[in-house]
Amino acid sequence: MQIPAQFDYVRASTIEDALALLDRHGAESRVVAGGHSLLPMMKLRLARPECLVDINDLYELDFILPEATQLRIGALTRHSALLESTDVARLFPIVIDAERVIADPIVRNRGTIGGSLCQADPAEDLATVCDVLHAQAVVRGPGGERILTMDEFHKGPYETAVAQNELLVEIRFPIRPRSGSAYEKVERRVGDWAVVAAGAAVSFTVDGSVDDVAIGLTAVGLDGTISEAEAVLRGRRPSEVLFAEAGRLAAEASLPVDDQRGPVDYKRHLADELTRRVLRRACARALETQTTTMQEG
Amino acid sequence: MTITETHAPNPAAGDADRPIGYGRIQRKEDPRFVRGKGHYVDDIVLPGMLHGAILRSPVAHARLVSIDTTRALAHPGVVAVITGKDLLGLKLAWAPTLSADVQAVLVTDKVRFQGQEVAFVIAEDRYAARDALELIDVDYDVLTPVVDARHALDPGAPVIRDEIEGRTDNHIFDWEAGNAAETDAVFASADVIVKQEIVYPRSHPAPMETCGAVADFEPIEGALTLYETSQAPHAHRTLFAIVSGIPEHKIRIVSPDIGGGFGNKVGIYPGYILAVVGSIVTGRPVKWVEDRSENLMSTSFARDYIMQGEIAATKDGKILAVRTNVLADHGAFNATAQPTKYPAGFFHIFTGSYDLQAAHCKVTGVYTNKAPGGVAYACSFRVTEAVLLVERMVDMLAQKLEMDPAELRLKNLIKPEQFPYKNKTGWEYDSGNYERAMRLSMEIAGYDDLRREQKEKRARGELMGIGISFFTETVGAGPRKHMDIVGLGMADGAELRIHPTGKAVVRISVQSQGQGHETTFAQIVAEEIGIPPEDIDVVHGDTDQTPFGLGTYGSRSTPVSGAAVALVARKVREKAKFIAAAMLETRPEDLEWEKGRWFVKGDPSVGKTMAEIAMGAHGTVALPEGIDGNLDAEVTYDPPNLTFPFGAYICVVDVDPGTGHVKVRRFIAVDDCGTRINPMIIEGQVHGGLTDGVGMALMQFIGFDEAGNNLGGSFMDYLIPTSMEVPNWETGFTVTPSPHHPIGAKGVGESATVGSPPAILNAVVDALSPLGVTHMDIPCTPARVWAAMQGRATPPI
Ligand SMILES: Cc1cc2nc3c(=O)[nH]c(=O)nc-3n(C[C@H](O)[C@H](O)[C@H](O)COP(=O)(O)OP(=O)(O)OC[C@H]3O[C@@H](n4cnc5c(N)ncnc54)[C@H](O)[C@@H]3O)c2cc1C
């Protein structure tokens, strides 16, 4: 049994209560959601918060709410809830692709989307997903609510714009017509963090050319999406040649490091290979939804 | 994972269908495990018990400059802090290993591997003990470590064991088997020779339960009770007596339920000794249970063999000889656990299942700045390494000769009529029908169809591989004329008592870590004397309750202890005959046995059941002379030879050409372990071992960086396969009984772990062969497979 250093523990009952507790317990207090990132770090004594503010009773943060132009997801929504949601599957298949390969069912039953994003592990899968979906993060603090783009939200490895006395409360995914998305990850074993993973989201104009596209890579040292690769596709009809070019540029942009999961050249190769695969699948999915919408219409 | 039954299960129905003896019955121990009522070392709570925690070295090689325990001692709840200096005074700073070396219990002079034991804190609870570790101030003078075994013998290499007088290098031993000159001669005249370096990298058994102990020293009686995670309680008691000076009759070792061992719980770890010292020093019981990282970083690892293999054959595929030079990394202390005369374990069975003209091996053991160990993880004393070597070499030969690897094996397997077969390194294989097993495996696999499918896929650029491994093990150590562990013969005892009402208790010297002994051994008794298995209690794990014996590892329980149990049951059966004769007022020679009952020849209606005889024995029946009034017996079994289980495994993999990711699609395992006592338990052992094999072949690896930092110190980095990585196991079996074993049984606990990694690796190489790949080393992680695809395969170490 690995044993964390001593800490206090309080349980919040509402968002306001959680914010007040964070304020009261000060700089060394931390929110605990699913605990699947924070507790392992505490057991290894890499994190030593003096007080944990448990937000698991904040049911108001546990929701998946489709609206006309966006999908709203509460920060306390569990991985498993995302994986099981038909709304999510219909609108953003990339989330399902990613959730299938995040950890294992035990972790997914507890871990939350909010915790994943706030942990900001460089190999974290949902960050890439949120990046390519142009998600917005809703953050609440003593001074009220802020809405951030993912660029504003991410501040580098293990750092976000969420201050110690703030809560991430909600993620919003804008819904686009004629769109498709996909995620693919290479891992050494089920439940392992990504060697490399790629995500893509595309939307098409009515005449079948790419309206907007976003490409992101996980675990290769990049912040945000890869504009060089995206530019190749925008305004054009998708083709294997363009996917290959986008893959090449994504690999070029990536900044992987050599570690136990693989050497740099392999990770670059994966950046290329996986970019091509997710673009292919995202486009196919977009065209599929287009066909079904047309049939329905 | 689903499980394919290749034969009909025993109906789970009423007692009438349950076999009295061998057969498929549910495990007697499982009700307590599935209800969460197992009782492990960490469940033990004694009155007044204290908790220990070990401070471990953050660096791999360093001179110890100073330790200051003042702040730790001042921490609330801390009772004592023990350092190497304290142990020097008690003459306990160094303890003998199982390989004629010594190991530091706590560092006195120099740290020799990362994770080594530096100090021991004893506190009122485990939180205080853990917190106090951070308050011990240690000053290390860091030295250059020896990490790469290939450079351990370089002239300028730092000398790790400089505490041993006169030591100027890191050499531990050279060991040879076979005949070098004969082998060289065969190689000189062979048509074809294939050479390859094959690396079996360091892995770790990682049992679900980590190691731990509760020591309870009673000062008035001078008696020690030690609860510990041990696969060999009796051997541990003797060693504790020798090391501690506590008389052996005052030591009681109890191994309660053990949550997996795989060889990880054979040795005596510093933590056990520290718990004992702690109890002596404080006068209170002391519990020490290591955490996962401590287990991975400091306890017995497995493998770490760099093997230069060579195989010689005629051009039409007759294998003539195998030779190999091995560099064995033993870590900082030589603490491998195997019969003492065999520093490379039973590696010299690398001749495999083939009829060779010559063979030779030379193994050189070296010290490095890594955790000690080496023989662990279901390896049958290094048969794993031997099988990987020979099965990889045979596959490479097939590739070179452009022969089908199944055909090449069939051509060279030892023939049934050649048994007992003497191989070229001194083994006598007891029995086998290899071709039958190979053909059955191919039949279950649909081998020819698989090859056809592969051809079609290759034409489309898909990477599908088919890998074969045919293995022969040598298990059940061992005959006292050939082997011992630190002077203790490798025999096992058994005692059987039939209570007056016909219920029985059998006491055995081996210790289950999940193998199902409480069921299998009851079934052996049941088969011999006809009492149902549920009426037979199997007692093990407590040295005060059981006869002496060397414990469970190297698949030896059924070959050795199983034989002891069968023989003790036969002894009781024989005694029962005399008592039955007295009860029936007839002569013993007029009685005939049917399962459970002696009856009068020619008059089956007149007889006595075992229960009646038991009551008679303890009752008032006038007993014949020389027969005392009980139905008990005991034996100690010294095996005449080892047993040689074997198997034919076929693996099918698909490799993603874009990512190098390997998917094990099918795995066919045909095992022959002689007489099958409980087929369900055998299949369970095989399924577990195959899963281990997937782990070793695809992901499990303890690596080190240049500074000697362990890179596999948690389950984040040391990957263990899950149900998602393993296919539907397809098992089959043949039965070739061991001629010298009382019931014809051979060990099976490690067969699948030994046999499966080469099948998977051979399948991966086969998949990559269209790209010109002839070899890669395990683990076949996506990155390593991809490198091999680029023609840049590198050894993992
Ligand atoms: C074995 C294992 C394997 C895993 N594999 C993967 C994987 O493959 N891919 C992957 O992406 N993830 C993986 N994870 C991480 C998993 O997804 C976690 O659930 C997730 O990273 C953290 O979510 P949590 O709710 O558990 O957060 P916690 O551990 O509770 O918190 C993480 C951090 O976020 C902060 N926090 C949490 N919620 C909020 C909030 N609402 N507002 C402000 N701050 C907050 C906490 O203070 C803490 O700093 C794995 C985890 C484990 C244990």
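Predicted model: local features only at pLDDT ≥ 70, side-chain atom pairs only at ≥ 80, totals over all residues.
Local features were required to have pLDDT of at least 70 and side-chain atom pairs pLDDT 80 or more, whereas totals for chains, interfaces and linings use all residues. Residues are numbered from 1 along each chain as its sequence is written, chains are lettered from A and ligands numbered from 1 in the order of writing, and side-chain values rest on heavy atoms, without hydrogens or water.

Oxygen atoms of the ligand lie 2.7 Å from a backbone N or O atom of A:Gly35 and 2.7 Å from a polar backbone atom of A:Leu38, and a ligand nitrogen is 2.7 Å from a side-chain N or O atom of A:Asp125. Of the 970 Å² of accessible area that the ligand has on its own, the protein covers 92% (Shrake-Rupley method, 1.4 Å probe).

Over all chains, 26 aromatic pairs were counted (ring centres of Phe, Tyr or the six-membered ring of Trp within 6.5 Å). B:Phe346 and B:Trp427 pair edge-to-face, 5.0 Å centre to centre with 75° between the planes (edge-to-face: over 60 degrees). Because B:Phe346 lies in the loop between β18 and β19 of chain B and B:Trp427 in the loop between β21 and β22, the pair ties together parts 81 residues apart in sequence. Both B:Phe346 and B:Trp427 are buried (under 20% relative accessible area, 1.4 Å probe, protein chains only).

Conventions:
Polar contact = N/O pair within 3.5 Å; in protein donor to acceptor, adjacent residues only side chain to side chain. Phe/Tyr/Trp six-rings, centres within 6.5 Å; stacked < 30°, edge-to-face > 60°. Helix = DSSP H or I, 4+ residues; strand = E, 2+ residues; numbered from the N terminus. Buried < 20%, exposed > 50% of the residue type's maximum accessible area, 1.4 Å probe, protein only.
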